[in-house]
Amino acid sequence: MRDSKKPAKLFRKRKKRVCTFCESKKKLDYKDLGLVRKFISDRGKISPRRSSGCCALHQRMVAKAIKRVREIGLVPFTVD
């Protein structure tokens, strides 16, 4: 049973996060290592969409760019 004296928890609406690529109309290029490394964690993993702040379309593009950079050898697969 629920105690009638305690108020129900109120849910806060989160502020909608805007995609950095959609907002600035910036193009993602695998040769821009500074931008690509921004989406790689310190362990070498691709950061998820909820933490990177990208929309679904741009998150897929980020993942492809990171995988391409890894294959070329500009960024390691794992961090020692």
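Let's start with Phe-39, which sits in the loop between α2 and α3; helices here are DSSP runs of H or I with at least four residues, numbered from the N terminus. This is a predicted model, where local features need pLDDT of at least 70 and side-chain atom pairs count only at pLDDT 80 or more, while totals for chains, interfaces and linings use all residues. Residues are numbered from 1 along each chain as its sequence is written, and side-chain values use heavy atoms, with hydrogens and water left out.

Phe-39 has a relative accessibility of 2%, so it counts as buried (under 20% relative accessible area, with exposed over 50% and partly exposed in between, using a 1.4 Å probe and protein chains only). Setting aside neighbours within four places in sequence, Phe-39 is in contact with several residues, including Phe-21, Ser-47, Val-62 and Ile-66; contact means heavy atoms within 4.5 Å.

Beyond the neighbours within four places in sequence, Ser-47 touches Phe-39, Ser-52 and Gln-59. As for Phe-39 and Gln-59, they are 20 residues apart in sequence and 9.4 Å apart in space, C-alpha to C-alpha.

Now hop over to helix α3, where you'll find Arg-49. With 48% relative accessibility, Arg-49 counts as partly exposed.

Note on methods:
Helix = DSSP H or I, 4+ residues; strand = E, 2+ residues; numbered from the N terminus.
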